[in-house]
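Please examine the sequence and structure shown here before working through the solutions.

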Amino acid sequence: TPPELIRNFSIIAHIDHGKSTLADRMLQATGVVQARDMRAQYLDRMDIERERGITIKSQAVRMPWEVDGKAYALNMIDTPGHVDFSYEVSRSLAACEGALLLVDAAQGIEAQTLANLYMAMENDMVIIPVLNKIDLPAAQPEKYAEEVASLIGGEPDDCLRVSGKTGEGVPELLDRLVREIPSPVGDPDAPARAMIFDSVYDTYRGVVTYVRVVDGMLKPRERIEMLSTEAVHELLEIGVSSPEPKPSQGLGVGEVGYLITGVKDVRQSKVGDTVTSAMKPATEALAGYQDPKPMVFSGIYPIDGSDFPVLREALDKLKLNDAALTYEPETSAALGFGFRCGFLGLLHLEIVRERLEREFNLDLIATAPSVIYQVTMEDRSEVTVTNPSEFPSGKVKEIREPMVHCTILTPSEYVGQVMELCQERRGNMLGMDYITTDRVEMQYTLPLAEIVFDFFDQLKSKTRGYASMDYEPEGEQSADLVKVDILLNGEGVDAFSAIVHKDAAYAYGLRMCSRLKELIPRQQFEVPIQAAIGSRIIARETIRALRKDMLAKCYGGDISRKRKLLEKQKEGKKRMKAIGRVDVPQEAFIAALTSD
Ligand code: GDP
Ligand code: MG
């Protein structure tokens with residue numbers, strides 16, 4: 001297809017505003033998927049996406065559409081909608097000339113959409129505003145059309161009104177895409193350059209890489225080079241998805257499609273990298289490639305220790321499809337053998353954990369999420385800490401923690417509550433803007449560590465679910481942080497060590513001590529539970545000793561019941577973890593880590 005007849009676009013939308021449903025209607029309207037083959041959210045391939053209704057990996061699909069007798073090819077690139085995947089969002093946007101801004105006509109725009117919208121505007125993309133779900137009785141298209149117009153300029157009437165449910169307005173939308181989005185521009189005679197905007201592991205075909213060709217042409221059977229690594233592969237197959245893969249004789253300027261080289265691991269075909277011909281390689285990469293950087297860490301342990309090899313295999317498999325996931329083995333006195341895993345953010349963590357449990361049938365326990373701390377010691381040495389229990393023991397000069405720039409959108413009546421929450425979490429307000437008379441955009445810098453703990457839940461509950469937020473990394477900052485250890489009979493319990501702000505240390509210590517007191521059974525002797533900063537004890541609880549005559553007293557009369565009880569205790573012992581002289585059922589640790 002010549003570039004003049006190509007239109008590349010993506011859809012910017014908040015989760016649940018109807019992106020997948022609208023995509024389904026477009027597939028139907030363009031005849032790409034027949035009504036009888038249609039299943040809801042056709043493009044959301046992973047089960048987990050279907051159930052949670054979120055899009056994790058972007059996909060591309062090509063659709064034919066005729067306007068004024070000319071046959072166009074529309075390439076729709078589905079972007080992931082969540083903050084954790086903002087780098088992937090930025091890459092899929094970079095593969096397009098235009099974007100649909102899809103807004104639920106009963107909800108209005110959300111912070112996450114705003115962040116992606118600003119990204120698209122910075123890239124000079126054409127934005128086509130669309131209000132969705134106009135079939136809903138609660139829809140207020142007039143109100144939200146004004147909001148949208150005040151954000152992107154133009155008139156409220158420029159906003160299209162559609163329903164992904166009924167299909168109303170979808171053909172008009174497709175026409176408008178063709179008319180308003182510019183066709184791609186590139187040099188057909190230059191060395192080939194294509195940008196990778198997604199890369200997916202498929203059990204049968206190996207890694208399937210989604211690309212947008214910028215210059216030149218890529219042809220099957222030629223040898224291609226990845227610019228960031230200079231690795232060379234044979235191009236086994238190249239084609240377009242519509243939405244099933246269709247091999248072609250090559251992809252030229254502006255075209256979007258997939259390629260297969262036989263590599264087995266998405267890390268060999270990285271999002272953001274530039275693909276070129278090995279015979280006639282381009283010298284300049286398309287955009288600065290960026291390695292995915294884990295921001296949040298957590299220890300993941302099998303509840304049944306014998307599942308450790310299964311967990312390792314499961315992580316190896318997931319990694320094939322998730323370039324951002326990192327892991328290395330670690331051991332914990334309390335939890336046994338497991339892995340310290342790095343994630344892009346909390347949703348990423350949850351998704352990985354859920355996939356491990358669901359797809360590999362594992363029961364897992366995860367330690368509290370932690371961020372990366374940079375520690376400078378008195379002797380000037382630098383230590384990177386991703387696991388609080390590995391905090392260096394010498395004299396510390398400074399601790400720096402990662403910061404984020406956070407954008408919060410809220411109805412104006414909740415501004416006070418939002419400010420209070422951000423202040424509690426050591427936030428620093430940067431600015432506040434009224435987008436309309438009743439909606440406010442607030443900007444904060446906050447420590448990432450304060451966000452990984454239930455910040456989002458708190459924000460939602462303080463604003464009755466109306467606020468939305470987004471954040472992006474913004475350097476690091478020195479802070480008054482301390483490591484709090486939890487000691488059982490004088491021995492540290494590694495899984496409970498935490499790095500917290502000085503002002504929050506006492507509350508953390510107290511909470512963990514009283515929680516553990518509830519959960520740990522009495523022993524033959526008295527067991528102190530303490531919270532400590534270094535050698536200074538800041539909180540204490542005591543588990544009183546078991547009375548010696550208890551067995552005799554309770555079950556004195558019935559010898560068989562007594563034996564049974566002893567048997568049972570013995571069985572329980574197997575799953576006990578010894579912390580010094582104290583036997584603790586593993587369940588106690590698990591409960592202490594999961595309850596809040
Ligand atoms: P996504 O998260 O943006 O991909 O949103 P989905 O397409 O999964 O839709 C979220 C929910 O909104 C689902 O329950 C859909 O059935 C519903 N929905 C989507 N579009 C419409 C629409 O036009 N009208 C109505 N009434 N519901 C819709
Ligand atoms: Mg979706």
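## Exercise 1: Burial of helix 3

The buried residues of helix 3 are Tyr87, Glu88, Val89, Ser90, Arg91, Ser92 and Leu93. The model is predicted, so local features need pLDDT of at least 70 and side-chain atom pairs count only at pLDDT 80 or more, while totals for chains, interfaces and linings use all residues. Residues are numbered from 1 along each chain as its sequence is written, chains are lettered from A and ligands numbered from 1 in the order in which they are written, and side-chain values use heavy atoms, with hydrogens and water left out.

Task: Explain why helix 3 is described as largely enclosed, and state what covers its buried residues.

Solution. 
1. Helices (H or I, at least four residues) and strands (E, at least two) are DSSP runs, numbered from the N terminus.
2. Buried means under 20% relative accessible area, exposed over 50%, and partly exposed in between (1.4 Å probe, protein chains only).
3. Helix 3 spans residues 86-94, and seven of its nine residues are buried, so the rest of the structure largely encloses it.
4. The cover includes strand 1 (6-13), strand 3 (70-77), helix 4 (111-122) and strand 7 (193-202), where contact means heavy atoms within 4.5 Å.

## Exercise 2: Aromatic pairs

Task: Determine how many aromatic pairs there are, and describe the pair of Phe308 and Phe337.

Solution. 
1. Rings of Phe, Tyr and Trp (its six-membered ring) pair if their centres lie within 6.5 Å; planes under 30 degrees apart are stacked, over 60 edge-to-face, and the rest tilted.
2. By this rule, there are four aromatic pairs.
3. Phe308 and Phe337 form a tilted pair, with 5.9 Å centre to centre and 55 degrees between the planes.
4. This pair links distant parts of the chain, 29 residues apart: Phe308 belongs to helix 7 (residues 308-319) and Phe337 to strand 17 (residues 336-343).
5. Phe308 is buried because its relative accessible area is 15%, whereas Phe337 counts as exposed at 55%.

## Exercise 3: A second pair and the cluster

Task: Classify the pair of Tyr327 and Phe339, and name the cluster to which they belong.

Solution. 
1. Tyr327 and Phe339 are edge-to-face, with 5.9 Å centre to centre and 85 degrees between the planes.
2. Tyr327 lies in strand 16 (residues 326-332) and Phe339 in strand 17, 12 residues apart.
3. Tyr327 is partly exposed at 23% relative accessibility, while Phe339 is buried at 1%.
4. Phe308, Tyr327, Phe337 and Phe339 form one aromatic cluster.
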